[in-house]
Amino acid sequence: MSKTNYDGPIHRDYARGRALKAEQYAAWADAFAQRLPRRRPLVGLDLGSGTGRFSPMLADTFGPVVGVEPSTGMRETAKRSSAHEDVRYLPGSAEEIPLEDESVDYCLMFLAWHHVTDRSRGAEEIARVLRPGGVLLCRAQFSDLMPDLWWLRHFPHGAKVDAAMYRPLAEEIEIFSAAGLAPSPGLVRVEMPSAETKGEVFERLRLRTLSTLVRMPDEDFRTGVAALEAEVRQDPGALVPQESTTMLVMSKPDACEA
C-alpha cells in the first residue's frame with residue numbers, strides 16, 4: 001500500500017481538514033494531563049507535528065514544545081499558521097530525532113506512529129530523548145481494536161483500507177518494550193465529546209486529508225463521498241456520535257524509583 005505524501009497537495013488542506021473544536025482540544029488536554037508528571041513546566045516533543053495542530057496547545061498547557069516533522073510542506077505551514085513563542089518546529093523523523101539524550105519530559109505522537117517505517121529504530125529514539133520517568137503518549141489505532149466509524153461505512157472497502165494501516169496492540173507494546181519503555185498503564189480510552197455536526201464532518205472529509213481516504217482508490221472515494229453526502233443532506237445539523245478513541249501510554253523507568 002502506498003504511503004501518504006504530505007509534501008503533495010494534502011499539506012495545503014491538512015489544517016482545515018483535521019481541525020478540532022475547543023471541546024475536543026479540552027478533552028485531549030485533560031487526557032494528557034492525567035498521564036503526565038504533575039510538575040510544570042514540562043518540556044514536550046510533538047513528534048510528527050504536522051501543521052502544528054497540537055503544538056501550541058501543548059505549550060500553553062504544559063510548557064515549551066519542540067515539533068519534529070519530516071514533511072517540509074507541513075512544517076512550513078506550521079511555522080506560518082501555528083507559530084507560538086514556546087514552540088520550535090524542526091525537521092526530523094521518529095527514526096532521527098534532532099534532540100539530545102534525555103531532553104524531554106514527554107513525547108506525543110498523534111496518529112503518526114503508523115507512518116514510521118523502522119519502528120524499532122523509532123522506539124529506540126523516543127526512549128533515548130525521554131528523561132527517566134518521561135512518558136510517551138501514542139494516540140493510535142490498532143488492527144485488532146478498530147473503531148466502527150459512522151462515516152467510513154459509506155466507503156467501499158473503507159474499513160479494510162483503514163485497518164491495513166495499523167498493527168495489533170500487543171505487537172506495538174512489544175516494540176516499545178524492547179526499546180526500554182514500560183506500559184503505564186498501556187492502552188487507555190479517551191472519550192471525545194460530540195462537538196461536531198455531520199455537515200461539518202462531511203466538509204472536512206471531502207478535503208481528503210485522512211490517510212485512509214488518500215490510500216483508497218479514487219473511484220471508492222468518489223462513491224463514498226456521494227453516499228455520505230446523501231446521508232448528511234437529510235440532517236446536516238445532526239451531531240455526530242460520541243467517539244471512543246485509543247491511546248497507548250508508555251513510560252521510561254526512573255532509576256530513582258526502581
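A residue is called buried when its relative accessible area is under 20%, and exposed when that area is over 50%. The model discussed here is predicted. Ala123 has a relative accessible area of 0%, so Ala123 is buried.

Ala123 lies in helix α5. Leaving aside residues up to four places away in sequence, Ala123 touches Trp113, Ile175, Phe176 and Ala179.

An α-helix has 3.6 residues a turn, so residues three or four places apart point the same way.

In soluble globular proteins, nonpolar side chains tend to be buried together. Here the largest nonpolar core has 29 residues, and Leu45, Leu47, Trp113, Ile126 and Phe176 have the most contacts inside it. Two or more residues of this core come from each of β1, β2 (65–69), β4, α5, β5, α7 and β7 (243–251). Helix α5 gives the most, with four residues.

Trp113 touches Arg119, Gly122, Ala123, Ile126, Cys138, Arg167, Glu172, Ile175 and Phe176, again without residues up to four places away in sequence. A second, separate core has 27 residues, among them Phe54, Ala78, Val135 and Leu137.

**Two buried loop residues**

Leu36 is found in the loop between α2 and β1. With a relative accessibility of 6%, Leu36 counts as buried. Not counting residues up to four places away in sequence, Leu36 touches Leu42, Phe62, Tyr106, Val135 and Leu137. The C-alpha atoms of Leu36 and Ile175 are separated by 21 Å, and the two residues are 139 residues apart along the chain.

Ser49 is placed in the loop between β1 and α3 (55–61). The relative accessible area of Ser49 is 5%, which makes Ser49 buried. With the same exclusion of residues up to four places away in sequence, Ser49 touches Ser55, Gly67, Val68, Glu69 and Tyr89.

**Aromatic pairs and charges over rings**

How many aromatic pairs does the structure hold? There are nine aromatic pairs. A pair of aromatic rings is described by the distance of the centres and the angle of the planes. Two of the pairs are set out below.

| Pair | Centre distance | Angle of planes | Class |
|---|---|---|---|
| Trp28 and Phe110 | 4.9 Å | 85 degrees | edge-to-face |
| Trp151 and Phe155 | 6.0 Å | 85 degrees | edge-to-face |

Why is the pair of Trp28 and Phe110 edge-to-face? Planes over 60 degrees apart count as edge-to-face, and the planes of Trp28 and Phe110 stand at 85 degrees, so the pair falls in that class.

Trp28 is in helix α2 (residues 22–35) and Phe110 is in strand β4 (residues 104–110), so that this pair links distant parts of the chain, 82 residues apart. Trp28 is buried at 2% relative accessibility. Phe110 has a relative accessible area of 11% and is also buried. Both residues belong to one aromatic cluster, formed by Tyr25, Trp28, Phe32, Phe54 and Phe110.

In the other tabulated pair, both Trp151 and Phe155 are buried.

Charged side chains also lie over aromatic faces. Lys198 lies over the face of Trp150, at 5.0 Å from the ring centre. Arg208 lies over the face of Phe221, at 4.2 Å from the ring centre.

**The chain as a whole**

The protein chain has 10 helices and seven strands. Its radius of gyration is 18 Å, close to the 18 Å that the globule rule gives for 258 residues, so the chain is as compact as a globular protein of that length. The C-alpha trace spans about 60 × 40 × 30 Å along its principal axes.

Of the 258 residues in the protein chain, 53% are buried. Among contacts with a separation of 6 or more, 78% are between residues 24 or more positions apart. The protein chain exposes about 11800 Å², of which carbon and sulfur atoms supply 51%.

Notes
Residues are numbered from 1 along each chain as its sequence is written. This is a predicted model: local features need pLDDT of at least 70, side-chain atom pairs count only at pLDDT 80 or more; totals for chains, interfaces and linings use all residues. Side-chain values use heavy atoms; hydrogens and water are left out. Rings of Phe, Tyr and Trp (its six-membered ring) pair if their centres lie within 6.5 Å; planes under 30 degrees apart count as stacked, over 60 as edge-to-face and the rest as tilted. Buried means under 20% relative accessible area, exposed over 50%, partly exposed in between (1.4 Å probe, protein chains only). A charge sits over a ring if NZ of Lys or CZ of Arg is within 6 Å of the ring centre and within 35 degrees of the ring normal. A nonpolar core is a set of buried Ala, Val, Leu, Ile, Met, Phe, Trp, Tyr and Cys residues joined through side-chain atoms within 4.5 Å. Contact means heavy atoms within 4.5 Å. The radius of gyration is taken over C-alpha atoms; the globule rule is 2.2 Å times the number of residues to the power 0.38. Accessible areas come from the Shrake-Rupley method with a 1.4 Å probe; for residues, only the protein chains shown count as cover.
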